[in-house]
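Here is a brief report on how side chains pack in one protein model. Look at the structure first, then read on.

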Amino acid sequence: MTAGRSSELRDLAQRVVDALPPQVAEEVVLTGSVSRGLADEVSDIEMLIVTPEQIELPTCFEYARAAGLAELDTWGAQDTPARRVSGFLERVPLELIWWSREYAESNIDALFRGDASSTADALAHGVPLRTSGSLARWQLRLRDYPPELAAARIEEAALTWGGFAAAGLLTLARPGERLALVERMLDDASRVLRIVYALNRVWQPTHKRLATRVAPLAVKPEGLAERIEDALTESDPWRALLVMTELQADTVALAPDGPNVNRARRWLAAAAEVLSRRERAGTD
């Protein structure tokens with residue numbers, strides 16, 4: 001079903017592109033699940049539209065309306081050069097992101113300076129619906145994931161794992177602290193994934209379809225996606241913290257030495273011991 005639905009949505013996206021003036025939309029990239037052939041019945045259509053010059057949001061609305069979109073709206077920050085238009089065509093939701101040529105190039109450059117957005121992954125798997133050659137050029141650049149960028153991302157991701165008493169984690173397991181617990185574990189899970197993608201020198205995608213995304217990665221802790229799911233759905237806060245902490249420890253064990261990584265290894269070992277003692281005591 002995914003391939004068939006992806007084909008249907010790609011044809012619908014092409015209809016929108018064909019209705020956009022070529023002198024306005026010089027590069028249109030299909031992204032998201034449709035570009036990967038993974039669309040299902042709830043998938044939307046996501047496109048990046050590159051224009052020679054920056055155009056204002058009302059003008060983007062006009063072009064979208066002329067292409068047949070209805071129920072137009074926008075989302076996200078309004079004080080950036082990016083313009084965002086959402087709408088529906090034949091009851092299918094679409095998201096159109098408009099970048100000027102200059103802004104597109106600056107975003108590509110920013111990826112190699114450490115920008116942690118999912119833009120690189122989206123473009124690396126993007127499909128051109130109209131092109132002046134820019135997407136092919138960007139994808140060629142993105143084939144190279146610099147090792148120094150990977151090292152920097154790993155160190156940054158390990159930054160929060162240490163620097164205070166490991167027993168401080170126990171405060172998150174107190175009754176009434178579920179929000180703080182989930183907040184911490186979500187951040188820890190995101191940092192684990194940041195390290196894993198950097199270890200494999202793969203541009204980080206969004207967290208959707210996690211098991212599928214991490215399956216082909218050569219370097220990762222065993223049961224990565226399943227352990228994240230277990231930690232986030234575990235009702236016992238002590239057990240949830242232990243599952244996540246052990247996953248973090250297994251992740252930094254795979255990472256190269258560095259100040260933050262080395263500190264994290266020591267701290268996570270101590271944290272796992274504190275949590276294991278508490279779990280053992282609870283079963284006695």
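A residue counts as buried under 20% relative accessible area, as exposed over 50%, and as partly exposed in between. Keep in mind that this model is predicted.

**An aromatic pair**

Take Phe112. Its relative accessibility is 22%, so Phe112 counts as partly exposed. Trp203 has a relative accessible area of 7%, so this residue is buried. The table sets the two side by side.

| Residue | Relative accessible area | Class |
|---|---|---|
| Phe112 | 22% | partly exposed |
| Trp203 | 7% | buried |

Phe112 and Trp203 form an aromatic pair. The geometry is edge-to-face, with 5.5 Å centre to centre and 80 degrees between the planes. Where do the two partners lie? Phe112 sits in the loop between helix 4 (101-111) and helix 5 (119-124), and Trp203 sits in the loop between helix 8 and helix 9 (210-214), so the pair ties together parts that are 91 residues apart in sequence. The model has five aromatic pairs.

**The nonpolar cores**

In soluble globular proteins, nonpolar side chains tend to be buried together. Here, the largest nonpolar core has 57 residues. Which members touch the most others? They are Leu123, Trp161, Val214 and Leu224. Helix 8 (residues 178-199) gives the most to this core, with ten residues.

Now zoom in on Val214. Leaving aside residues up to four places away in sequence, Val214 touches Leu193, Tyr197, Lys220, Leu224 and Ala225. A second, separate core has 31 residues, including Val17, Val28, Ile55 and Leu89.

How values were computed. Residues are numbered from 1 along each chain as its sequence is written. This is a predicted model: local features need pLDDT of at least 70, side-chain atom pairs count only at pLDDT 80 or more; totals for chains, interfaces and linings use all residues. Side-chain values use heavy atoms; hydrogens and water are left out. A nonpolar core is a set of buried Ala, Val, Leu, Ile, Met, Phe, Trp, Tyr and Cys residues joined through side-chain atoms within 4.5 Å. Buried means under 20% relative accessible area, exposed over 50%, partly exposed in between (1.4 Å probe, protein chains only). Helices (H or I, at least four residues) and strands (E, at least two) are DSSP runs, numbered from the N terminus. Contact means heavy atoms within 4.5 Å. Rings of Phe, Tyr and Trp (its six-membered ring) pair if their centres lie within 6.5 Å; planes under 30 degrees apart count as stacked, over 60 as edge-to-face and the rest as tilted.
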